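Please consult the sequence and model as each point is raised.

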Amino acid sequence: IIIANTLKGKDISVMENKRLWHYRVPVGQDLEIARQDLKRKEEEIEKSLKESQTESPSRATVHTGNGY
């Protein structure tokens, strides 16, 4: 059994932790804000990945994809 304690709409300012967005589709200004927030998060992730790739190889984690 896996129990996940998640936060609805994480990192989307108009949606975060608001149950309403579980069944609603963003339109208009809400959609634009969500897109901007997602773009900002994407840039943060890309920056973090680039920084982790420049670390010394001894600190890098290798994922083989075969479970070993």
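A charge is said to sit over a ring if NZ of Lys or CZ of Arg is within 6 Å of the ring centre and within 35 degrees of the ring normal. This is a predicted model, in which local features need pLDDT of at least 70, side-chain atom pairs count only at pLDDT 80 or more, and totals for chains, interfaces and linings use all residues. Residues are numbered from 1 along each chain as its sequence is written, and side-chain values use heavy atoms, with hydrogens and water left out.

Q: What makes the charged end of Arg24 count as sitting over the ring of Trp21?
A: The charged end of Arg24 is 4.6 Å from the centre of the Trp21 ring, and the distance limit is 6 Å.

Q: Why is Asp37 called buried?
A: Its relative accessibility is 7%; buried means under 20%, exposed over 50% and partly exposed in between (1.4 Å probe, protein chains only). Asp37 therefore counts as buried.

Q: What makes the approach of Ser13 to Asp37 a polar contact?
A: The backbone nitrogen of Ser13 lies 2.6 Å from a polar side-chain atom of Asp37. A polar contact is a pair of N or O atoms within 3.5 Å; within protein, one must be able to donate a hydrogen and the other to accept it, and residues adjacent in sequence count only if both atoms are side-chain atoms.

Q: Why is Asn17 called exposed?
A: Because its relative accessibility is 55%, Asn17 counts as exposed. Asn17 lies in the segment before helix 1, and its C-alpha is 5.7 Å from that of Leu7, 10 residues apart in sequence.

Conventions. Helices (H or I, at least four residues) and strands (E, at least two) are DSSP runs, numbered from the N terminus.
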